[in-house]
Amino acid sequence: MVKKSKNSKQLPIYQLESIKRYYQTGQSQVQALKAINLLIGPGEFVALVGSSGSGKSTLMHILGLLDRPDGGKMFLDGEEVSGLSENQRARLRREKIGFVFQTFHLLPRLTALENVELPLIYNDVSFSDRLARAREELALVGLANREKHLPNQLSGGQQQRVAIARALINNPSVILADEPTGNLDSQSGEEIMTIFKKLHGQGRTIVLVTHDSEVARSAQRIITVKDGLIIS
Amino acid sequence: MLFNLEIFKVALRSLWANKVRSFLTMLGIIIGVAAVITLVSIGAGLKVYIADQFEALGSNLIYIYPGDLSSGFGERAMISQTRLENQHRQAIDRLDLPIGAISALVQIADQAKYKENTFNTIVFGVESAYSQVVNVDLEMGRFFTESEEERRRRVAIVGSRVVEEIFSGIDPLGKSFFLGGSAFEVVGILEEQGGGAMGSSSVDDTVIVPLKTAELIFAQEDYGAIIVKAESESDIDQIKAAIKKELLDYFDEEDFSVLDQRQILNQIDNILGMLTLALGGIAAISLLVGGIGIMNIMLVSVTERTAEIGLRKAVGAQNKDILVQFIIESVFLSIVGGSIGVIFGFLGSLLIGSFLQTTVTPWSVFLAFSISSLIGVVFGVAPARKAARLDPIEALRY
């Protein structure tokens, strides 16, 4: 669990120092991230914007501890994470990061409730605790009456709300949302953005990746990535 | 923690979600395990059957065979040119040994014919004392007498199958039938013994005639064996040694064999043991194929569930959690398949047991089951590793 101690209030959630990421494509080396310096404080609602190929997805993967930088240092909640092993990163993903994806990524054979409690099964949480917490999170996104529904019985907006509940279940330090409205009609998209704004209002730290400037405007701070660099 | 009940449930749920596929995958293991158990039970049953038949002959028997049988009934025995003849029979007679009874034996494959009916039988030409050497249980009639043998009478004691096949329905006692071009009178009928596993001949298929008659009719003068019944078990070793010593005057050591029942049984056991192993081994190949089937399906399953694996990793599953999930799936398939296979193996051996003698051996059940479980682990590892090593970023793009 994240301890909201006085200390962590002062520490930034993310502190990136000269983060680099290269890809080798054949003979040539592509610099996806050239030297990213970034500070995201607790409670911030940040939008990462940039065109396709700008490096924002790579940055998102590094922030989400799904990918490792080739150079530089990254601190998450004050802890240096760029050199961690795969297992340690898995543990941090579980404890500190909640993901929301464009395509929801709900497991099709699990009910809404089971999808929400999924992260907890890797956390040794007891069955009754899991159930109670998953019910609570599902209710918070307004789906208390959809617990037993399978993903294909839910609308796109509802599926994304299930995914948000799943992201919140471990009370993460940060929510990383990758184009969360990209697969939704505008009305559902607005509903989702309303939830994010509400979460921000509750003091959650949110990093939103989008290419949609309309969506980005909901955020408190917009960071534009271009050619592997932060330009504003 | 390596074993997590939740991960176990996750694995079972995905198997359950693909019920038909899971069952078909298990089928390979089911058939493999059932085949091993059933085939081994046939081999083991044959062993028990032969031992029973052998013991039914009586006890304290010593067999003298031409050729060297000490290394099994193998090639050397088959190509032996040694002839065991009347002079050797007489040489044994001259020894002063505690022998109860003795009989030489010739063996001829021939066709028995009565009216239009024919039957391929094994003709045993034996001495009148044969009935004192081994147990000859008669259903009806009598054994032939010494004087009938001396006068080379054409009398025969026939097995129950011979009666069935050529005398169908008629009382054969006193009837004449043809054997080797001569008419023989039926004086006795052997009690039915049953068995005769997998085309092997049984006492029921035989005809017993006087030795001297057989020598005359079939022009066969060398013996298939000389059988000696010791007066008591304690005399067996002494008699064997004395006969061996005497026959060395006629043969080289490797040209004849003097064996007691136990030795013969041991050798038959060895041969059947190898046969059983071979049968089990062939069946085990299907187990291997079943294991490859599991691996194949698990690999397909990993590919299909790439997005799921990516998501699980994103929400914090470690590589070992994914590894364990997929190994549980394959182990479960093979253990459940193995268990069902054991049941079918018992049923199969029961079914075959209605016409052949079968004995389910605990070691074959244990072996088949543990091999199938092992297969689940071994063939589950490659797909599970593939799953565990998936890059979550790539996996989430699916």
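This is a short talk on the domains of chain B, two surface patches on that chain, and one loop residue of chain A.

Keep in mind that the model is predicted.

I start with the domains of chain B. The assignment gives two entries: domain 1 covers 5–51 + 276–396, and domain 2 covers 98–230. Between the C-alpha centres of domain 1 and domain 2 of chain B, the distance is 53 Å.

Next, the charged patch. Which residues form the negative surface patch? They are B:Asp137, B:Glu139, B:Glu164, B:Glu191 and B:Glu192. I pick out B:Glu191, which sits in the loop between strand 7 (182–190) and strand 8 (206–210) of chain B. Its relative accessible area is 34%, so B:Glu191 is partly exposed.

Then the nonpolar patch on the surface. Its members are B:Leu277, B:Trp363, B:Leu367 and B:Ile371, and together they have about 380 Å² of accessible area. Where does the largest share of this patch come from? Helix 13 of chain B, residues 362–388, supplies that share, with three residues. B:Leu367 is in helix 13 of chain B. B:Leu367 counts as partly exposed because its relative accessible area is 39%, and the range for that class runs between 20% and 50%.

Last, chain A. A:Thr103 is found in the loop between strand 6 (97–100) and helix 4 (112–121) of chain A. Buried, exposed or partly exposed? With a relative accessibility of 43%, A:Thr103 is partly exposed. A:Thr103 and A:Gln159 are 56 residues apart along the chain, and their C-alpha atoms are 9.2 Å apart.

How values were computed. Residues are numbered from 1 along each chain as its sequence is written. Chains are lettered from A and ligands numbered from 1 in the order in which they are written. This is a predicted model: local features need pLDDT of at least 70, side-chain atom pairs count only at pLDDT 80 or more; totals for chains, interfaces and linings use all residues. Side-chain values use heavy atoms; hydrogens and water are left out. Domain bounds come from an automatic or database domain assignment. Patches are made of residues with over 30% relative accessible area and no salt bridge: like charges are joined within 9 Å, nonpolar side chains (Val, Leu, Ile, Met, Phe, Trp, Tyr) within 5 Å. Accessible areas come from the Shrake-Rupley method with a 1.4 Å probe; for residues, only the protein chains shown count as cover. A salt bridge is a side-chain nitrogen of Lys or Arg within 4 Å of a carboxyl oxygen of Asp or Glu. Lys and Arg count as positive and Asp and Glu as negative; His and the chain ends are not counted. The place of a charge is taken as NZ of Lys, CZ of Arg, CG of Asp or CD of Glu. Helices (H or I, at least four residues) and strands (E, at least two) are DSSP runs, numbered from the N terminus. Buried means under 20% relative accessible area, exposed over 50%, partly exposed in between (1.4 Å probe, protein chains only).
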